Amino acid sequence: MKPIIEFKNVFLAFGDNPVLKGLDLQIQEGETITIIGGSGSGKSVTLKLLLGVLSPDSGSIYYQGKNVTTMGEKDLIAMRKELGVLFQGSALFDSLTVQENVAYPLREHFDYSEKELDRIVAQKLAVVGLPKIEEMFPSDLSGGMKKRVGLARAIATDPKVILYDEPTTGLDPTNTQRINRLILQMQKTLKVTSIVVTHDMESAFQVSNRLALLKEGKICFVGTVDEAKSSKDETVRDFIEGRMETVEPLKIMEAR
Ligand SMILES: Nc1ncnc2c1ncn2[C@@H]1O[C@H](COP(=O)(O)OP(=O)(O)O)[C@@H](O)[C@H]1O
Ligand SMILES: [Mg+2]
């Protein structure tokens, strides 16, 4: 089967920091694939390359057979309409209500009436288990609720693909479970293709069909959860058994 998304020999450096050094990855329609890797390994960068927010130094990224790297503005916009993104840290607009946040991508891409917008927003909030909170502001919400509103916003446009950047980072176990269940639910009921980026192995095991391990700029392992769990590869074992550096340097600085 032809992959819905494909990274081919992608290189990207920031100054003298080579982040991706020949990344190859094929993603099949309908699967949930989780990219795991230490902090700073290039996970978020990989998602930004797919969105066309960043450009690679060389190599190609394909979405439904179209080269994202050489796409014109019109095709890029059309593609982004089909991609729902739950950003790292939710990234809600603090000055906008929940209603306005969830409606944002709808206003950006479609021409709905206010009444239709209200209906769609209410429906998406119900999907994430947060009905009737339209008039609240992000500052009124807990971290877990913010992630769920972020997810309601990500699915507002009925995307074909959902990108989740660290969806459970910073959440307590109850909210982590809630998000994991929602990721599974999106896959089952909406039949979306999902790319999850995380360093939370427990979540990765729960939600994924396949895992891809990003290390030193390349995907060094890709396989099912069972294949990962039974792998003898030392790098894979290190990740699975938690012998990896997960603290982001920036967070250490902030904590000081
Ligand atoms: N816009 C940017 N400019 C310069 N360096 C960047 C930029 N975005 C990311 N980087 C660097 O690229 C590396 C990978 O970042 P990132 O993909 O965010 O890591 P993570 O795997 O933790 O998501 C890091 O060293 C980061 O500092
Ligand atoms: Mg990241």
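Which residues of α3 are buried? Before answering I note that this is a predicted model, in which local features need pLDDT of at least 70 and side-chain atom pairs count only at pLDDT 80 or more, while totals for chains, interfaces and linings use all residues. Residues are numbered from 1 along each chain as its sequence is written, chains are lettered from A and ligands numbered from 1 in the order in which they are written, and side-chain values use heavy atoms, with hydrogens and water left out.

**Entry 1, helix α3.** I found V98, Q99, N101, V102, A103, P105, L106 and H109 to be the buried residues of α3, where buried means under 20% relative accessible area, exposed over 50%, and partly exposed in between (1.4 Å probe, protein chains only). The buried residues of α3 pack against α2 (73-81), α4 (114-127) and α5.

I then looked at one of these pairings, and saw that α3 (residues 98-109) and α5 (residues 143-154) pack at an angle of about 35 degrees with their axes 7 Å apart; the axes are lines fitted to C-alpha atoms over the stretch in contact, and angles run from 0 to 180 degrees between N-to-C directions. On the α3 side the contact (heavy atoms within 4.5 Å) is made by V98, N101, V102 and P105, and on the α5 side by V149, A152 and R153.

R107 is also in helix α3, but I list R107 as partly exposed because its relative accessible area is 44%. Leaving aside neighbours within four places in sequence, R107 is in contact with E114 and L117.

What lies around ligand 1? I listed F14, N17, V19, G38, S39, G40, S41, G42, K43, S44 and V45, taking a residue as near when one of its heavy atoms lies within 4 Å. Oxygen atoms of ligand 1 are 3.2 Å from a polar backbone atom of S41 and 3.0 Å from a polar backbone atom of G42, and a polar side-chain atom of S44 lies 2.9 Å from an oxygen atom of ligand 1. The protein covers 62% of the 570 Å² of accessible area that ligand 1 has on its own, an area from the Shrake-Rupley method with a 1.4 Å probe. Of the elements around ligand 1, α1 gives the most to the shell, with 3 residues.

T198 is found in strand β8 (residues 193-198), and I call T198 buried because its relative accessibility is 2%. A polar atom of the T198 side chain lies 2.9 Å from the backbone nitrogen of D200. Beyond four places in sequence, the contacts of T198 include K43, a residue also listed around ligand 1.

L86 belongs to strand β6 (residues 83-86) and counts as buried because its relative accessibility is 1%. With neighbours within four places left aside, L86 is in contact with K147, G150, L151, A154, L163, Y164, D165 and P167.

Methods. Helices (H or I, at least four residues) and strands (E, at least two) are DSSP runs, numbered from the N terminus. A polar contact is a pair of N or O atoms within 3.5 Å; within protein, one must be able to donate a hydrogen and the other to accept it, and residues adjacent in sequence count only if both atoms are side-chain atoms.
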